[in-house]
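Please walk through this protein chain with me, from its overall contact pattern down to individual side chains. The account begins with the chain as a whole and then turns to particular places in it.

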Amino acid sequence: AYAPHSSVDGMSEPTFHKKNNSQGNYYSIDFTNIPAWQDATTGIDYMVSDPSNGKGADYVNNSNCTVNLTFRHILALIDLKGYVADQQPYVISNISVGSTDVDGRKVPNASDNAYGQGIQYDSDKKLIDPLVTPGAKGVAVWHTGSNINLDGRLPEFSNPEKPVTICSKLAFPFEVDKLYIKLNFSRNGVADEVEKPIDLSNIESGKHYTIILKFEGGDIVDINVSEVQTWNVVNANHGVYNW
């Protein structure tokens, strides 16, 4: 099964039920045109699943058999957080990642992305490793337009144990030599632009990444990637399509 069911936001209707007799009973589902980046609060979480036990014939021949589905995220979740260490007001206007001129820093930036998932049925069910194909690469804009205020004079913006969320993104999986982030911001009214490396090179499906920025002295003096976690499916009550 997969979700969401209908074609939305430019994602092509998936191709499915391909059978390759040279590999036994092999079925796969393929998605294309998945957005490279989405706002996590409004974006669409694409998921795929396979039966966690039994084979297809078990369900067809036994009306009492329960189909247990284990859903997995196609995308990754990235939270960008920050805090202020010098009791000054910071205002962020633009955030981007990637590069247009350095190949090793380029990240997916469009919707020409494909994901394929296969299941092999012989004597036992075997989930085939997914085929992830990123599309066009370059720079991805994480935030622009309205300003984001981090006022270090207020305690809620100055606690390193509870950094505030700057933005949250849904990301199509990709690999990069090192992820670079560029920010335009001002400190107490003085504008600046900085570009910093992040200790991330592989963004995987179903992972939750948290990047924490420390602002001090008119600069970003530390970038910490907290422990990468599995992005669990919290709300399982959603429509699905059985392929």
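Among the contacts in the protein chain between residues at least 6 apart in sequence, 72% join residues that are at least 24 apart. The model is a predicted one, and the protein chain in it has one helix and 21 strands. Of the 243 residues in the protein chain, buried residues make up 40%.

Asp79 has its place in strand E7, which runs over residues 76-84, and although Asp79 is buried, it has no salt bridge. What the side chain of Asp79 does make is a polar contact with the side chain of Ser168, at 2.5 Å. Once residues up to four places away in sequence are set aside, Asp79 touches Cys167 and Ser168, and also His208, Tyr209, Thr210 and Ile211.

The structure holds six salt bridges, and three of them can be followed residue by residue. In one, Asp103 is paired with Lys106, with the closest N and O atoms 3.2 Å apart; Asp103 counts as exposed at 63% relative accessibility, whereas Lys106 is partly exposed, with a relative accessible area of 21%. In another, the side chains of Arg153 and Asp151 meet at 2.8 Å, N to O. Here Asp151 is buried, with a relative accessible area of 17%, while Arg153, at 55% relative accessibility, counts as exposed. A further salt bridge links Lys196 with Asp219, and its closest N and O atoms are 3.5 Å apart. Lys196 lies in strand E17 and Asp219 in strand E20 (residues 219-225), so this pair ties together parts of the chain that are 23 residues apart in sequence. Both ends of the pair fall in the partly exposed class, Lys196 at 21% relative accessibility and Asp219 at 25%.

Val176 has its place in the loop between E15 and strand E16 (179-187), and Val176 and Lys106, although 70 residues apart in sequence, are 6.8 Å apart in space, C-alpha to C-alpha. Why does Val176 count as buried? Its relative accessible area is 7%, and because buried means under 20% relative accessible area, Val176 falls in that class. Leaving out residues up to four places away in sequence, Val176 touches Gly104, Arg105 and Lys106, together with Leu200 and Ser201.

Asn33, in the loop between strand E3 (25-31) and strand E4 (37-39), has a phi near 60 degrees, which is a positive value in a residue other than glycine. Asn188, in the loop between E16 and strand E17 (190-198), likewise has a positive phi, near 50 degrees, in a residue other than glycine. As to accessibility, Asn33 counts as partly exposed at 26%, and Asn188 is exposed, with a relative accessible area of 53%.

There remains the empty space around the protein atoms. Rolling a probe the size of a water molecule over the atoms shows where empty space is left. The second largest pocket holds about 330 Å³ of space, and of the 18 residues that line it, the closest to its centre are His73, Pro130, Glu204, Ser205 and Gly206. Which strands each supply at least two residues of the lining of this second largest pocket? They are strand E6 (69-73), strand E11 (125-133), strand E15 (174-175) and strand E18 (202-203). The largest share of the lining, three residues, comes from E6.

Notes
Residues are numbered from 1 along each chain as its sequence is written. This is a predicted model: local features need pLDDT of at least 70, side-chain atom pairs count only at pLDDT 80 or more; totals for chains, interfaces and linings use all residues. Side-chain values use heavy atoms; hydrogens and water are left out. Helices (H or I, at least four residues) and strands (E, at least two) are DSSP runs, numbered from the N terminus. Buried means under 20% relative accessible area, exposed over 50%, partly exposed in between (1.4 Å probe, protein chains only). Lys and Arg count as positive and Asp and Glu as negative; His and the chain ends are not counted. A salt bridge is a side-chain nitrogen of Lys or Arg within 4 Å of a carboxyl oxygen of Asp or Glu. A polar contact is a pair of N or O atoms within 3.5 Å; within protein, one must be able to donate a hydrogen and the other to accept it, and residues adjacent in sequence count only if both atoms are side-chain atoms. Contact means heavy atoms within 4.5 Å. On a 1 Å grid over the protein atoms alone, a cavity is a set of points where a 1.4 Å probe fits but cannot get out, and a pocket is an open set with protein on both sides within 12 Å along at least five of seven lines; lining residues have an atom within 4 Å of a point. Grid points are joined across faces, edges and corners, and a volume is the space filled by probe spheres set on the points.
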